[in-house]
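Me: I'm new to this one and would like to walk through it with you. Could you take my questions as they come?

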Amino acid sequence: MGKVVCVTGASGYIASWVVKLLLLRGYTVKASVRDPNDPKKTEHLLSLEGASERLHLFKANLLEEGSFDSAIDGCDGVFHTASPFYNDVKDPQAELIDPAVKGTLNVLNSCAKTSSVKRVVVTSSMAAVVCNGKPRTPDVTVDETWFSDSEFCEASKLWYVLSKTLAEEAAWKFCKEKGIDMVTINPAMVIGPLLQPTLNTSAAVIANLMNGSKTFPNSTLGWVNVKDVANSHILAFENPSADGRYCLVESVAHYSEIVNILRELYPNLQLPEKCADENPYMPTYQVSKERVKSLGIEYITLKVSINETVESLKEKGFVHF
């Protein structure tokens, strides 16, 4: 309560929820956005409970050195969530890798200059955990000791995965050198209600299944609710014994299972009947929940998360039925 914290990329899907929950807990939030004059980026933040008293917007750009200095100045903690996430990439270096890696180092550099900062919580991803060529089958349990392999990611042209892997590697190295206390939150595919008015990449996955797609991808992913992700960021800041990385995955499920849950919740919906290819379904695997439990997270179930996502997409006009 009463502490001052910074949230980078505050208009994003996860970050908006982090801002909302911080304000509800009585924090003063210095929120960085690329363009404070863009209502699509700021209106939903300014309307949050507590925003008129305790939310301050700052203009900052990931690729501009020193642009986070004023937002981070005087803060007790920093939540670095800003990092681009989209799939249709023309120039992976410029669009994903530079903003992720250089952006993280720019933010951490500003933290290193600010003696008041006690801890930095960085939004990483399960992308920085699971992509290393090791088999993932039902008897395999992924945990926080797993790291994605950047050479494997590059060879597989997994550009988003590579951006998150390189950014997390660079962050650990920098924080070790500078003696910064950092914790990373590594969520899987994040779904649940949207606060921002635009459609983000992970919620779009659910929208696409409902908007006339003929097939579903042959892909198995971890899934987690955005509220649990935001909450875990704050708990990782508040809990003095929190350290290292936290994998956030409520369920690992194939897309066929997502379609089945949608069908059960919304029986009248037109949903894809078949898989995008003829291959056997990608297997599921386990992800350890030990460390996340120690933070105090009780996961919202996949079915509830899907239901919340759909209701939110409907309310914002991204799906019609």
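Reply: What follows is a conversation about a predicted model, taken topic by topic.

Me: Let's begin with the inside. How many residues are in the largest nonpolar core, and which ones have the most contacts inside it?

Reply: The largest nonpolar core has 67 residues, and those with the most contacts inside it are Val29 and Trp223. The largest share of this core, nine residues, is supplied by helix 1, which covers residues 13-24.

Me: What does Val29 touch, leaving out residues up to four places away in sequence?

Reply: With those set aside, Val29 touches Val5, Val7, Val19, Leu22 and Leu23, and also Arg54, Leu55 and His56. As a general point, nonpolar side chains in soluble globular proteins tend to be buried together.

Me: You named some cysteines there. How many disulfides does a search of the whole structure find?

Reply: The search finds zero disulfides. Cys6, for instance, is in no disulfide, and the nearest cysteine sulfur, which belongs to Cys75, is 5.2 Å away. Cys6 is also buried, with a relative accessible area of 0%.

Me: Is Phe216 buried or exposed, and what about Tyr281?

Reply: Phe216 counts as buried because its relative accessibility is 4%, under the 20% limit. Tyr281, at 45% relative accessibility, counts as partly exposed.

Me: Which residues do ring pairs link into a cluster?

Reply: Ring pairs join Tyr27, Phe79 and Phe237 into a cluster.

Me: Where do charged side chains meet rings?

Reply: The charged end of Lys134 sits over the ring of Trp146, at 4.1 Å from the ring's centre. Arg136, in turn, lies over the face of Tyr285, 5.3 Å from the ring centre.

Me: Back towards strand 9 for a moment, where is Asn218?

Reply: Asn218 is in the loop between strand 9 and strand 10, the latter being residues 220-225, and at 14% relative accessibility Asn218 counts as buried.

Me: What does the side chain of Asn218 make a polar contact with?

Reply: The side chain of Asn218 makes a polar contact with the side chain of Asp277 at 3.0 Å, and the side chain of Asn218 also reaches the backbone oxygen of Pro280 at 3.1 Å. Leaving out residues up to four places away in sequence, Asn218 touches several residues, including His254, Cys275, Asn279 and Tyr281.

Me: What about the other asparagine, Asn225, where is that found?

Reply: Asn225 is found in strand 10 and counts as buried, at 0% relative accessibility. A polar atom of the Asn225 side chain lies 2.8 Å from the backbone nitrogen of Lys227. Beyond residues up to four places away in sequence, Asn225 touches, among others, Val190, Gly192, Ile300 and Glu308.

Me: Last one: where is Ile72, and in which helix?

Reply: Ile72 is found in helix 4, residues 69-72, and counts as buried at 0% relative accessibility. Leaving aside neighbours within four places in sequence, Ile72 is in contact with residues including Cys6, Val78, Val107 and Cys111. The C-alpha atoms of Ile72 and Trp159 are separated by 29 Å, and these two residues are 87 residues apart along the chain.

Notes. Residues are numbered from 1 along each chain as its sequence is written. This is a predicted model: local features need pLDDT of at least 70, side-chain atom pairs count only at pLDDT 80 or more; totals for chains, interfaces and linings use all residues. Side-chain values use heavy atoms; hydrogens and water are left out. A nonpolar core is a set of buried Ala, Val, Leu, Ile, Met, Phe, Trp, Tyr and Cys residues joined through side-chain atoms within 4.5 Å. Buried means under 20% relative accessible area, exposed over 50%, partly exposed in between (1.4 Å probe, protein chains only). Helices (H or I, at least four residues) and strands (E, at least two) are DSSP runs, numbered from the N terminus. Contact means heavy atoms within 4.5 Å. A disulfide is a pair of cysteine sulfur atoms within 2.5 Å. Rings of Phe, Tyr and Trp (its six-membered ring) pair if their centres lie within 6.5 Å; planes under 30 degrees apart count as stacked, over 60 as edge-to-face and the rest as tilted. A charge sits over a ring if NZ of Lys or CZ of Arg is within 6 Å of the ring centre and within 35 degrees of the ring normal. A polar contact is a pair of N or O atoms within 3.5 Å; within protein, one must be able to donate a hydrogen and the other to accept it, and residues adjacent in sequence count only if both atoms are side-chain atoms.
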